[in-house]
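The sequence and the structure come first.

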Amino acid sequence: MKNSLGRMLPETVAGFGAVKPFAGAFATTPSGVRKAPRQKTVLPKANKLVDNLEEVFRRIPVRDGMTLSFHHHFRNGDGVVNQVLAVAAKLGLRDLTIALSSVFPVHAPMVELMKSGVVTGLDTDYMSGPVAEAVSQGVLAKPVIFRTHGGRARAIECGDLAVDVAFIAAPAADDYGNINGVQGETACGSLGYAFPDAEYAEVVVAVTDNLQPYPLHPISISQERVDYVVVVDKIGDPKGIVSGTTQITKDPVGLKIAANAAKVIQAAGLIRDGFSFQTGAGGASLATAHFVRKMMKAANVTGSFALGGITGYLVSMLEEGLFRNLIDVQGFDLEAIRSIRDNPRHLEVGAGMYASPFNAGCAVNKLDVVILGATEIDTAFNVNVVTGSDGKIMGGSGGHSDAAAGASVTIVVANLLRGRLPIIVDNVLTVTTPGETVDVLVTERGIAVNPLRPELKEKLVTAGLPVRDIAELKALAEKMAGAPKAPPQGEKIVALVEYRDGTIIDVVRQYKACE
Amino acid sequence: MKTVEKPAQAGTLESGDILVVVAPATGAQDDIAIELQSLVMAQYGDAIRETIASTMRTQGVTRAVVQATDRGALDCTIRARVLTALARGGVGLEEGAISWNA
């Protein structure tokens, strides 16, 4: 069958069930109820502290076929997933599904466990490195489920993603299971992506290398939901968890794109009191914040909040009074950690409040502007951030689709050519974020506005911005680089790309080397 | 018909460039043998081979060995690197070989 974007989908997928086709960004509404984990009791004087991970596995007990969940705030410095999976392998467990909110190169040991059948399912929002490579090559029999950050929260809340055991990497914990992310050597700041796991998993395990006296303060994840506390030598490598500082790009093309993106925001009339903003940490995205900051200062306005992954740059804007609040689901650098620890205006929120589409309102809905990247964008403004130009998996939505859906103005910033490859294509290889939720594409050679937003286009033209038709920008790139051939693809479906509402927006097929 | 007199190279392995090595044809070889590595093989592999071969043919070279390591170079860069490698390899370039408007 085809979904509303014309993407061919299977009717059912083994290990997933019936496929619900994507029907439009807001076309599918919920009809179910939230899932609830079993009630529990812990008697006075009982001890939650367990000697080691192996003992936790025995006490729970972890069985073949279970779903184990993890959060990704430690990014490429994570040490918990590999330690837990090593125990699973040692105990001879099979057929586990790993629900890890993002997968990084550090998770390479998972590949061997996939080959040996310890891990047979993967549920994630983003992946890069050896695991992504192996999945692209078809290492798993069952397709990987790609969700968005908000969609993962939704899936856990409604039981689509039923977590048997959640392992929470805890920078600080007490012996009764209270956890925070802001104290200790492996401090990572917000623990937001772990909130749904902690709330809905049948069993919750805190894994820490920093045991503090009871009661821990502050508390991000509470003892009410944590069954076991395990102390290990190291839960991660601080160098991989956060960068020292996040720098504004010096690339002149990136800066030009960023300056134009900021001008789009200004021309849309959004540099005003109450302005709300989300941007990523990379290249032109962060540089856009730099130009927005200047405009806000010049206009003497106070924004309401900045949202999402938080960098030191946004922290400095908070401290200068340019935003009243930061709403933080994940911190990217040491400044973000210091701020969320010390500044009451810097709020820690869970993935559900951040971006879940099926609750009584998530934070992305309150965004004026989000700045996003793209691997490819097509002439209908559909964006791919899952697969690279060779067809291999190299990313995932993360919060891309969520923020695009919520924000009043969604701006994609991208170089017209990446290497030799044009960024604009007729049809993206893998739709991640639907074009109806993307308003503007800013490149170094011009700005394209989604035809669904004529009033916005009018404002940009009036402001004298270099507005072009997206087809015109595509032709310009192809004149320089030539039209690329589509990469070959295999037959087997290696991943399903789920939209935030639980429908399937696209599939990823096995990688095939070109002849 | 002209021949490559000695091995020669032009270009770099920087992003957006291509390293082109030309060498005399071996034995009974009667064509331009191109060994290509590229980051964009799937999308542009055939186009890059054609650009290299046609640039050489327009200089009257129809027998040679070429090793090319591409880092996403545009056609104008590929042509420039091939012409320079040929010149360094002892091929006298045609009048007007370098078109400043291409």
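In this predicted model, chain A and chain B bury about 1100 Å² between them, with 57% of that area on carbon and sulfur atoms. Buried area is the accessible area (1.4 Å probe) that two parts lose on being put together, summed over both. A:Arg420, A:Lys485 and A:Cys514 supply 60% of the area that chain A buries against chain B, more than any other three residues. Chain A brings 16 residues to the contact and chain B twelve residues, where contact means heavy atoms within 4.5 Å.

Local features need pLDDT of at least 70 and side-chain atom pairs count only at pLDDT 80 or more, whereas totals for chains, interfaces and linings use all residues. Residues are numbered from 1 along each chain as its sequence is written, chains are lettered from A and ligands numbered from 1 in the order in which they are written, and side-chain values use heavy atoms, with hydrogens and water left out.

**Salt bridges**

A salt bridge is a side-chain nitrogen of Lys or Arg within 4 Å of a carboxyl oxygen of Asp or Glu. Over all chains there are 33 salt bridges, and between chain A and chain B the count is two.

| Pair | N to O distance |
|---|---|
| A:Lys485 and B:Asp46 | 2.4 Å |
| A:Asp426 and A:Lys474 | 3.2 Å |
| A:Lys474 and A:Glu478 | 3.4 Å |
| B:Glu94 and B:Lys2 | 2.6 Å |

A:Asp426 and A:Lys474 form a salt bridge that links distant parts of the chain, 48 residues apart: A:Asp426 is in the loop between β24 (424-425) and β25 (440-443) of chain A, and A:Lys474 is in helix α15 (residues 470-481) of chain A. Helices (H or I, at least four residues) and strands (E, at least two) are DSSP runs, numbered from the N terminus. A:Lys474 is buried at 12% relative accessibility, while A:Asp426 is partly exposed at 49%. Buried means under 20% relative accessible area, exposed over 50%, and partly exposed in between (1.4 Å probe, protein chains only). A:Lys474 and A:Glu478 both lie in helix α15 of chain A, four residues apart, about one turn of the helix.

In chain B, the salt bridge of B:Glu94 with B:Lys2 ties together parts that are 92 residues apart in sequence, because B:Glu94 lies in the segment after α2 (75-88) and B:Lys2 in the segment before β1 of chain B. B:Glu94 is partly exposed, with a relative accessible area of 37%, and so is B:Lys2, at 24%.

**Strands**

Strand β14 (residues 276-279) of chain A is covered on both faces: A:Ser276 and A:Gln278 on one side are buried, as are A:Phe277 and A:Thr279 on the other. β14(A) pairs in the parallel sense with strand β15 (residues 303-310) of chain A over three bridges; two strands pair if DSSP finds at least two bridges between them. Here A:Ser276 stands opposite A:Phe305 in β15(A). Strand β18 (residues 369-372) of chain A also runs parallel to β14(A), joined by three bridges, and A:Phe277 stands opposite A:Val369 in β18(A).

Chain B has an open sheet of four strands in the order β1-β2-β4-β3, with mixed pairing.
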